[in-house]
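Subject: A structure for you to explore

Hi there,

Here is the structure I promised to pass on to you. Have a look at it first, and then read my notes below.

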Amino acid sequence: NVLGKAIDSTNGRWPHWISIANCIELLYDHFDGFVVAGGTDTMSYLMAAMHFIFPNIGKPIIGAAAQQNIAEWGQDATRNLEFAFEAAIEDLSGPHLAFYDMLRHGLRLFKVRDKGYDAFDSPDRYRIGEFVQGKINLFGNHPRRYGLITGQYLKVNKNFMDGIHITKINPFEDADSL
């Protein structure tokens, strides 16, 4: 934990994600890929943040989370962590989530269940691989590793802030209310 005391992932915000990004930026040239462990409630936000912070990353950033505590050996925590480590050395680039048996693009990801192991979903075209019997099978649509991006050329956008809200616009809404 870079920040000292561990926090509950539901309290994870931009300062924490920027701290993770700082570590990736610092170690970028020394590793083939990165695994970021976090909670299921905020994993989709963390993976989206990594996508926007690193718009041209040439290596994988793989999110790992679990529905059960890692202390319960043999459950989804250890399996998902193994899946994430395997994915981090594959021919991938960008942020992705390795969860249950599916590798999904990090920007098109949403949590659909609080219980059960298959807690995340994404549109079919953003399912980029699967984990079967300890091996990763990448589909043809996965973004490939790009070795020309070194730490020197890595773009890092850290000028994001909390407080982004989704606004639904309809034709009956007064434009001044926006």
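Which residues does Met50 touch, not counting residues up to four places away in sequence? They are Trp17, Ile20, Ala21, Ile24, Ile61 and Pro95, where contact means heavy atoms within 4.5 Å.

Before going on, some ground rules: this is a predicted model, in which local features need pLDDT of at least 70 and side-chain atom pairs count only at pLDDT 80 or more, while totals for chains, interfaces and linings use all residues. Residues are numbered from 1 along each chain as its sequence is written, and side-chain values use heavy atoms, with hydrogens and water left out.

**The cores**

Met50 belongs to the largest nonpolar core, which has 25 residues. A nonpolar core is a set of buried Ala, Val, Leu, Ile, Met, Phe, Trp, Tyr and Cys residues joined through side-chain atoms within 4.5 Å. Buried means under 20% relative accessible area, exposed means over 50%, and partly exposed is in between (1.4 Å probe, protein chains only). Along with Ile24, Ile53, Phe54 and Ile61, Met50 touches the most other members. At least two residues of this core come from each of helix H1 (14-27), strand S1 (34-37), helix H2 (43-53) and strand S3 (94-99); helices (H or I, at least four residues) and strands (E, at least two) are DSSP runs, numbered from the N terminus. The most comes from H2, with six residues. There is also a second, separate core of 13 residues, including Phe83 and Ala88.

**Strand S1 and its partner**

In a regular strand the side chains alternate between the two faces of the sheet. S1 pairs with strand S2 (residues 60-64) in the parallel sense over four bridges; two strands pair if DSSP finds at least two bridges between them. Val35 stands opposite Ile62 in S2. From S1 the chain crosses through H2 to S2, a right-handed β-α-β crossover. Right-handed means that, with the strands pointing away from the viewer, the path from the first strand over the helix to the second runs clockwise.

**Salt bridges**

How many salt bridges does a search of the whole structure find? It finds eight, each being a side-chain nitrogen of Lys or Arg within 4 Å of a carboxyl oxygen of Asp or Glu.

One of them joins the side chains of Lys158 and Glu25 (2.8 Å, N to O). Lys158 lies in the segment after strand S8 (135-138) and Glu25 in helix H1, so this pair ties together parts that are 133 residues apart in sequence. Lys158 counts as partly exposed because its relative accessibility is 34%.

Another joins the side chains of Lys111 and Asp41 (2.7 Å, N to O). Lys111 is in strand S5 (residues 110-111) and Asp41 in the loop between S1 and H2, so the parts tied together are 70 residues apart in sequence.

Finally, Arg104, Asp118, Asp121, Asp124 and Arg127 are linked in a network of salt bridges.

Enjoy exploring!

Best wishes
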